[in-house]
Each structure stands twice: as structure tokens, then as C-alpha cells.
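Good morning, and thank you for the time on today's agenda. I would ask you to look at the sequence and the structure first, and then I shall go through the main features in turn.

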2 protein chains.
Amino acid sequence: MSKLEEIIETAESMIRERGYNGFSFREIADAVGVKSASVHYHFPTKGDLGAVVARAYTEKFLLALGAPEAAAITPKKQIERYIEACRYAVVKQRKMCLCGMLGAEVAALPDEVARETKIFFEKNIEWLTKVYARMANVGAAGALGRAHGAVATVEGAMILARTLKDVDAFEKAVKQIATS
Amino acid sequence: MSKLEEIIETAESMIRERGYNGFSFREIADAVGVKSASVHYHFPTKGDLGAVVARAYTEKFLLALGAPEAAAITPKKQIERYIEACRYAVVKQRKMCLCGMLGAEVAALPDEVARETKIFFEKNIEWLTKVYARMANVGAAGALGRAHGAVATVEGAMILARTLKDVDAFEKAVKQIATS
DNA sequence: ATGACACTACCTATCAATAGGTAGATAAAC
DNA sequence: GTTTATCTACCTATTGATAGGTAGTGTCAT
């Protein structure tokens, strides 16, 4: 892996653990094994780095979800897949969702980072809305509402699990979306 | 209002806007009209301040909710009151829930602040579980699950509304808890 | 094939600003 | 005359960021 990729990966990990204001160029440089000036070479400002990390995360996340209109898989299974992606983040990686973290801190972010964070949620809602719309008993407005509810619940469930130091809190919280 | 009270109030406001790592003693001092050394007089360390702010917030929040076993009010109305408290925070005050913010950043917090944040969620879940348990069609396990789901959804809904700059996203997201 | 040049990705060294925190003086209140 | 709440002044560490140097790689006209 190139130093550039290592920087992005390390930054993602640090933001997901301690937030945007919880890491520094020097910490990333130390973790990667370069000097902080080299991080600035790739990303002139902290906002540049944050925006690239957020965009890469969004892309990776959506790729893992697959196409929302995939006929080979039931919508219910797709919702379970969505939850599974977040479960992996909080249970296995023991970290927040990157954009859940950035979303909480949104008022403290440079514009370009806030913009990418917003896009993450817009695309999540778009994906979930399409999936819910495929369900038999759900109308257009209902799908949109359920999509908002699902994103919110999953993000909140991650906060809950980490704060309570109890991964089962995540399971309890998301059970509603999975079974509805 | 005493300077001490002003410091606590200002700290709460700043944490809810930009997070624990998003404010400094000097900013609080400037906002209150004292010197940063005077803030240190009341709160020797940042952790001391954070812990007091979190504890005060929890107390205030629970007081606004009232007793969970209040027979004069239906459980459904109590859930609506819970949502209303959070709606006020995000729609009127345009800020995160203090402990939603701290919960996201929990890995970056001093122990004493993380502890108070955890207590906030434990008490929220306790309150909601008691309320849900009063509902006719809900068992003990169901009440606990619904309580976790409600806290998570509400916290996530606040993140969503702020990031999307759309207060209606909060309404869409919490609609599920209100009508279930 | 070779020398000149430019580009990439790092480096050293440094900057001004800000961070959390401390020591000790002061002035009013009890 | 002790306590309370503030102040001035300062400390060390860290922050995001910049300037300028360097080693290795590739390109290209001669």
C-alpha cells in the first residue's frame, strides 16, 4: 500500500475513533511512518484530507451495499445487509461510522468536509428509500420515512453501543428496523 | 446569573455545537467575559468542566421528562414528550443533544466525562423502558428493545437534521417511534 | 547513450497561533 | 483575616501550515 493510501486509511480510522478535532497531521504521520510535512504534501489542508477521506468512505460503503434495485435479493435481506455493514463497523472494528461522527461535529467542520458528509447521508437515504419502496406494503412517503428512520437508528445505535461499552445495545436498538 | 453558571451554560452550548474537542477555556472565558484562569479556578481541568456540564444536562433533561410512571398521562403522550424535548434541542436551539455529541466522541473523552455520558443514556433507557412497559401490548423485553431503539433513533435523527440542514429530516426519522 | 531538466515524494527546520494549565497578586465579602 | 473570585503573566506542548532542500525516477532532445 502506498503512503498516500496509508494516510487516508489512518485518517479514517482516527476520525472514526476520536472525531475530526481528535487527530492531528503529526499523529497520522507518526502512524504511517513519515513526517507531517509529507502529509501536507498530499493534503495541503486538514479540510482537503477530511473531504477525501469522507468521499472514499462513502464510495466504499455504497459499494458494499450493492444496487438497491437488485431483483435477486429481497428488500428485507437488503435492509439486513445495511445493518450488517454498520454492525461490522461497531462490533468488529469498534469504531463509529465515519459520517456519523462527522455528522455530529458538522458545525465544526470545514465546508468541504461538511459537504461530503451530507452527500453520504443523502446517498444512504436514497438507497434505503429505493429498497423500502420495493416492499409490498410500503408507499413512496412511507419508504422515505422508513429510510430516514433506519439511518438515524443505526447511527444512534453505534453511539449507544460505544458509550455503554455494550455491543448488544446496538442489536437491541436496530431490532425494530430489522423486523418492521 | 453567576459567572459559574454562565460558564457551565456556555460550555454546554459550545460542546453541543462543536463537540468536546471543539472548544477551549479561552473561548468560554471570552464569551462569559472573564479570563481563562478564572475558568480554571472553577474547573481545574477540562475533564472537570465536561463532567459537571454533562451531569447538569442529564439532571435537567430528566426533570423535563417527569416521572415515567405518571398515571395521569398516557405512555404514548410520554413518548411524544420525550421526542418533543429533542425536537426543541435540534429545531429551536439548532444544536445536538449534549450527550449525543459526547457519545460520538466517547473514545476521546476523559474518563469522568465518558462516565457521565454513559449515565445519561442509562437513565434515558431506564425512563423509556418504564414508559413502554406501561403500554398494553408490550412485554418487558419488548420495552427494553423499544427504549434502545427510541434513544438511538432520536440521537441519529438530530445528526441527520443538522448534517442535511433540514429539520424535517428529524421529523421523518422519529415518526416511526411516535406511531408504533 | 547521455546529459539536462522536471517531477514526485519525501525530508529538515521553522513559524505563529492556540491549547490546557499554573503561580502569585489583588480586591472585595464575610 | 480568611475565603472567594477574579486578575496578570507566564509556561510548555501541540496545532495546522510553510519554505526550501534532496534523492530517486522518468522524459526527451541531442
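I begin with a single residue. A157(A) is buried, since 32 other C-beta atoms lie within 10 Å, and 20 or more is the threshold for that term. Please bear in mind throughout that this is a predicted model.

Where does A157(A) sit? Its place is in helix α8 of chain A. Leaving aside residues up to four places away in sequence, A157(A) touches F170(A), A173(A) and V174(A), and also A152(B). R146(A) is 11 residues from A157(A) along the chain, and the C-alpha atoms of the two are separated by 16 Å.

Let me now turn to chain A as a whole. Chain A has 9 helices and 0 strands. Of its 180 residues, 48% count as buried. The C-alpha trace of chain A spans about 55 × 30 × 30 Å along its principal axes. The radius of gyration of chain A is 17 Å, which agrees with the value near 16 Å that a compact globule of 180 residues would have. As for contacts between residues at least 6 apart in sequence, 60% of those in chain A join residues at least 24 apart.

How are the two chains related? Chain A is superposed on chain B by a rotation of 180° with 0.0 Å of shift along the axis, at an RMSD of 0.0 Å. That is the relation of a two-fold axis. Moreover, 100% of the interface residues of chain A are also interface residues in chain B, so the copies meet through the same surface.

Next, the DNA. Around DNA strand C there are 17 residues, and the closest are K3(A), V34(A), A37(A), S24(B) and T45(B). Two or more residues of that surface come from each of α1 and α3 (36-42) of chain A, and from each of α2 (25-32) and α3 (36-42) of chain B. The surface near DNA strand C has 7 nonpolar, 5 polar and 5 charged residues.

DNA strand D has 16 residues around it, of which S24(A), K3(B), V34(B), A37(B) and Y41(B) come nearest. Here α2 (25-32) and α3 of chain A, with α3 of chain B, each supply at least two residues. The classes near DNA strand D are 6 nonpolar, 5 polar and 5 charged.

I close with one helix of chain B. Helix α5 of chain B covers residues 75-92, and its 18 residues reach 25 Å from first C-alpha to last, close to the 26 Å expected. Which residues of α5(B) are buried? They are P75(B), Q78(B), I79(B), Y82(B), I83(B), C86(B), A89(B) and V90(B). After α5(B) comes R94(B), whose phi is positive, near 60°.

Technical notes:
Residues are numbered from 1 along each chain as its sequence is written. Chains are lettered from A and ligands numbered from 1 in the order in which they are written. This is a predicted model: local features need pLDDT of at least 70, side-chain atom pairs count only at pLDDT 80 or more; totals for chains, interfaces and linings use all residues. A residue is near a molecule or strand if its C-beta atom, placed from the backbone, lies within 6 Å of it. Helices (H or I, at least four residues) and strands (E, at least two) are DSSP runs, numbered from the N terminus. Ala, Val, Leu, Ile, Met, Phe, Trp, Tyr, Cys and Pro count as nonpolar, Asp, Glu, Lys and Arg as charged, and the others, Gly among them, as polar. Copies are superposed by least squares on the C-alpha atoms of residues with pLDDT of at least 70 in both. Two residues are in contact if their C-beta atoms, placed from the backbone, lie within 7 Å. A residue is buried if 20 or more other C-beta atoms lie within 10 Å of its own, exposed if 12 or fewer, and partly exposed in between; C-beta atoms are placed from the backbone. The radius of gyration is taken over C-alpha atoms; the globule rule is 2.2 Å times the number of residues to the power 0.38. The expected span of a helix is 1.5 Å times one less than its number of residues.
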